[in-house]
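The sequence and the coordinates are shown first, and a description of two of the chains follows.

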Amino acid sequence: MNRSSTGLMFILPAIAVLLMLIAYPIVYTVYLSLIDAHGALTGKNYANVLKPYVTRQAFGNLLYYVGGSIVFQVLFGTLAAILLNQKFWGRSAVRSITLIPWVVPGIVAATTWAWMFHTEFGIINYMLTGAHIIPGPVGWLTNKDTVMPVLIAINVWKLFPFVAIMVLAGLQAIPADLYEAAKVDGANFWEEVWYITLPLVRPVLVAVTLLLLIWGLNAITLIYAITQGGPANLSLITPIQIYQLAFTSFQFNEAAALSVLFFIVAAIVVAVYVKVIPSNTAVAR
Amino acid sequence: MKLKALAGGLAVSTLILLPSLAVAGDVVWWTPNWSQARAQKLADDFHKANPDINIKLQITTSNGLPQQVMTALQSGSGPDIIEVQHGWVQGYAQNDLVQPLDDTIQEKDDYNKAVIAEDTYDGKLYAIPYRIECTALLYNLDDYTKAGLDPANPPQTWDDWVAASKKMTAGGVYGMAITGGGEFGNTITRALPLIWMNGGDIISADGKTATINKPEAVAAIKFYTDFYAQKLSPDSTLQNDGVANRQLFIAGKVASYLTGQYDIAPIAQAAPTLKVGAFMTPHPAGKTTAGILNGWSYVIPKDAQNPTDAKKFLQFLNTSDNMGYFTDTFPARVSSLKLPRFQDPLLKPFAGMLPFGRPTPNTPHWVQISQAMFNGIQRILSGQQDPQAAMDQANDEIQALLDS
């Protein structure tokens, strides 16, 4: 037995586990998507999931939700990180408190927000009508103009602390003499942020945005617990549509077909991101 | 001495263990947790009269029950008797998973006709129904009389219903709450009967054509959603399911809503001073009312170990008295309705709905079809579409499901 085949023997258990847990489900999903309920090969599942308007609507909602969330998560996260990097009294306490939204379990946060935004019993309508800011209760989670922005706001609240902590770690790695040199050259605070801080934390921002993108494409907890995709599919996103097809309607083959399509789209998005963005940062550096 | 005690212990424990194995003379019965105590009593009574037959209860819960039953039926290792919802029976019968029970049912003419039809496939009866229920209109008696209405003279027609709801809508109280949120079944149970009353349906009788954008159906959906459009139903309608409406009713924010009699006990418990009345669901002038007939039936799986004794036990369960004792809501037998427990005046309108009860359509796509109808209703309530446009879209979606 030569060296390399001995090495192969050592990684065999790990490969076997990976095949069982990752490759098998993927292959089986593809197989499921290609058969009908009686096991015969068919392309009908793909036609059936592609045809209805709801599939396009759900995907559009998903892009809106993920895109909107990421922009504000990164923006607020970075601002919070810059703030938390300043020296002020009680800084570690504020840093800990900022983490709370991220630490709260998703389902707990979702249910709490759902109640706070409830039209009849919600504290948000109660405070806004009580202060005469709005004339009557607003159906935050049922109005077609507010439901997605509200869900994005909740998602931003939930995840911006994660961005803040990651960026903060990046900020602390920046050597202090760079700032001192900038000060000597007469740079003000915003110039320091723009010419030193942001370029140097850019790799962190890229990694975090990629993570947020992957998480966002999979995210089901918040929306499922708050609106289940309603009203009338206004907040339906593709992962929830797949879940409903499979486990509410028991159309496993169609759900598999949609999963395969979604997997391809997600894989392309992630591949493009991984390939394009880091090379840009290398140039920027 | 020690050895003897050990042997004695072994003998005793063997005796105790024996009945837990399914042996001849055992009937394994899957029964839901909400009627466990009554099920136990009936099983004990039967065992007293038939000492050679043991009834073994296995308690089920509603969460995930359809999947459990399906698994048990397909694996062939299921129990002898299972309680299932009427709507599931057709699927079992079509796939030859349960036994015909024409030789088991007694006095078939005494049963509610609609539910017998729902349990019949290809001319044979595949389940014996025991529990049936329909929705009716529950209202706050004080709000009703305060609005100058007479409880002895309930609203009969849709026009009366709207007029009464308008009168009761005052001082922060909403006259008539509809559902527009939560799980879609809540809204289908309340809105589909209105389509039926008006002479329409969601799909054609042969199950091939979607019919929800026909004028009768659209008019009924418009009537339903107008309660919200005219502000007779709360602002939170799009978030409210049956339970939310009950909470609003208990809180005094809602004067009436459509529900089943199962809401009466929770209301009495939460608000003992609240005076409650009930009406049969009003209908369009010159037509009759309707409701979805929900409830439970017994089936005997194809591969049951002990079908003979199971059938004997079913005949015991389905005597008029025992059925009336066991059901959580109403019995499927007309004669059982004479029992004292069903004579509460509050229950009368709910019982009155039973002859007008109809089963939901039998189609493999029912869940998605209901979802399409529910989404259409939500589009109307959220102001995205008018009733005709919403039902046109729902019709297209349903037709695509029926064609697929």
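## Chain A

The secondary structure of chain A comprises 13 helices and 0 strands, where helices (H or I, at least four residues) and strands (E, at least two) are DSSP runs numbered from the N terminus. The model is a predicted one, in which local features need pLDDT of at least 70 and side-chain atom pairs count only at pLDDT 80 or more, while totals for chains, interfaces and linings use all residues. Residues are numbered from 1 along each chain as its sequence is written, and chains are lettered from A and ligands numbered from 1 in the order in which they are written.

The C-alpha trace of chain A spans about 75 × 75 × 30 Å along its principal axes. Its radius of gyration is 24 Å, whereas a compact globule of 285 residues would have one near 19 Å; the radius is taken over C-alpha atoms, and the globule rule is 2.2 Å times the number of residues to the power 0.38. Of the 285 residues of chain A, 28% are buried, that is, 20 or more other C-beta atoms, placed from the backbone, lie within 10 Å of the residue's own.

Helix α9 of chain A, residues 176-184, lies largely in the open, because 0 of its 9 residues are buried. Just after α9(A), Gly186(A) adopts a positive phi of about 90 degrees.

## Chain B

An automatic or database domain assignment supplies the domain bounds.

| Domain of chain B | Residues |
|---|---|
| Domain 1 | 25-134 + 294-358 |
| Domain 2 | 136-292 + 363-403 |

The centres of the two domains, taken over C-alpha atoms, are 29 Å apart. Domain 1 of chain B gives 13 residues to the contact and domain 2 of chain B gives 16 residues, two residues being in contact if their C-beta atoms, placed from the backbone, lie within 7 Å. On the side of domain 1 that touches domain 2, α14 (348-353) and β13 (357-358) of chain B are the elements that give two or more residues. The largest share of that side, 4 residues, comes from α14(B).

Helix α9 of chain B (residues 215-229) has 15 residues. Which residues of α9(B) are buried? They are Ala217(B), Val218(B), Ala220(B), Ile221(B), Tyr224(B), Thr225(B), Phe227(B) and Tyr228(B). The cover over these buried residues includes α7 (158-168), α8 (184-197), α15 (366-381) and α16 (387-403) of chain B. After α9(B) comes Lys231(B), with a positive phi near 60 degrees.

Note on methods
Buried ≥ 20, exposed ≤ 12 C-beta atoms within 10 Å, placed from the backbone. Expected span 1.5 Å × (residues − 1).
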